[in-house]
Amino acid sequence: MDFDLSEEQRLLKESIDGLLTDSYDFDARKKYQKEKGGWSKAVWGKLAEQGLLGLPFAEADGGFGAGAVETMIVMEALGKALVLEPYLATVVIGGGFLRHGGSAEQKAAHIPGIIDGSKTFAFAQLEKNSRYDLGDVATSAKKKGAGWVIDGEKFVVLNGENADTLIVTARTKGAQRDRSGIGVFLVPANAKGVTRKGYPTQDGLHAADITFTGVEVGADAAIGDPENGLPLIERVVDEARTAMCAEAVGAMDESLKSTVEYLKTRKQFGVPIGSFQTLQHRAADMFVALEQARSMSMFATMAADFDSAKERATAVAAAKVQIGKSGKFIGQQSIQLHGGIGMTQEAKIGHYFKRLTMIENTFGDTDYHLRRVAEGGLV
């Protein structure tokens, strides 16, 4: 297989790396966290100006028609810089639902706003008892005339505090854990009956718990089949998992670089601690873990072109397993090799480990995906 980037992909990588190098060092990130919503509208605007928010959308919808590899390149760069802006929630997940399931009218109404940076999205899926089961949905959507009435609660909705539009999973028929009878709905965040309680998460991002009380939406709010939305949900969530794998690789890469640099400059007994062979071995082990994670991230990215939905899902699960293992190992080693300073808020290395930990637990942890791999026949 050819793992080299094309000329266009190299230019994309140089563009996003250059933008983030200029505007997203660790001190700038701390300033952005204090802005309303916990991220920078100015940086979001720069991402829009460079066309990064329109990458995955078809040219007919105003985008660039880029694929999974381009998304991987962007997400890896965002991971290196610990970017706070809602690219995952808006472009990857929100955009994914519109690309794969949206009607022509829904695409026309929402995609231009994503591309120009004027709209952000949030995926309201997690419920109290659902854990990682995408088909465990108690929130209800009941018919009222031609439209729907949504009632229920969603938790830890990434970017839910600031999003303009919510993408909500709700049950239209059947029991709570039935695979059929699940719909996906576009709900304006300011709709009557929507209550949001926002808070910062451990990795510096923002989420919200959202209550829907008699929220009325029109017939045009349903994305795809309102009685068979789970295959669409699974496809988009697997794309989100793949994007997070790439983000994690970026975070691990930067963690390793920061740690090696610290080993070269921190002195003990009058010499840099990086001269101690045992610490060199640990850095080498970190490098191996990083390359394993990078390879599996690429595998998941290439799986986007697989014809079989089962094979795609199994490949993504396998990648998520390795990402979880590598992220935990590299994060823990980075903290220990930095010593006490690695535990402080002032040191960026701990923030990378926090983000890696959150990625490992988003849309299924390592144990969950190991079961998926086993069920898929890869082990």
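Residues are numbered from 1 along each chain as its sequence is written. In this predicted model, local features need pLDDT of at least 70, side-chain atom pairs count only at pLDDT 80 or more, and totals for chains, interfaces and linings use all residues.

**Domains**

An unreviewed UniProt entry annotates residues 6–117 as "domain: Acyl-CoA dehydrogenase/oxidase N-terminal", and that stretch is 67% helix and 0% strand. The entry's annotation for residues 228–376 is "domain: Acyl-CoA dehydrogenase/oxidase C-terminal"; here the chain is 78% helix and 3% strand. Such annotations may be inferred rather than shown by experiment, with positions in the numbering used here and feature names shortened. Helices (H or I, at least four residues) and strands (E, at least two) are DSSP runs, numbered from the N terminus.

**A helix pair**

The axes of H5 and helix H7 (residues 230–265) cross at roughly 145° and come within 9 Å. Axes are lines fitted to C-alpha atoms, for helices over the stretch in contact, with angles from 0 to 180 degrees between N-to-C directions. Among the residues that meet are Leu88, Val92 and Ile93 in H5, and Leu232, Ile233 and Arg235 in H7; contact means heavy atoms within 4.5 Å.

| Space | Volume | Lining residues | Top contributor |
|---|---|---|---|
| Largest pocket | about 1100 Å³ | 43 residues | H7, 9 residues |
| Second largest pocket | about 540 Å³ | 28 residues | S3, 4 residues |
| Largest cavity | about 210 Å³ | 18 residues | H5, 3 residues |

On a 1 Å grid over the protein atoms alone, a cavity is a set of points where a 1.4 Å probe fits but cannot get out, while a pocket is an open set with protein on both sides within 12 Å along at least five of seven lines; lining residues have an atom within 4 Å of a point. Grid points are joined across faces, edges and corners, and a volume is the space filled by probe spheres set on the points.

Nearest the centre of the largest pocket sit Glu234, Arg235, Asp238, Glu239 and Ala313. Its lining has 20 nonpolar, 8 polar and 15 charged residues. Ala, Val, Leu, Ile, Met, Phe, Trp, Tyr, Cys and Pro count as nonpolar, Asp, Glu, Lys and Arg as charged, and the others, Gly among them, as polar.

In the largest cavity, Leu84, Glu85, Pro86, Tyr87 and Leu205 are closest to the centre.

Definitions and conventions. Side-chain values use heavy atoms; hydrogens and water are left out.
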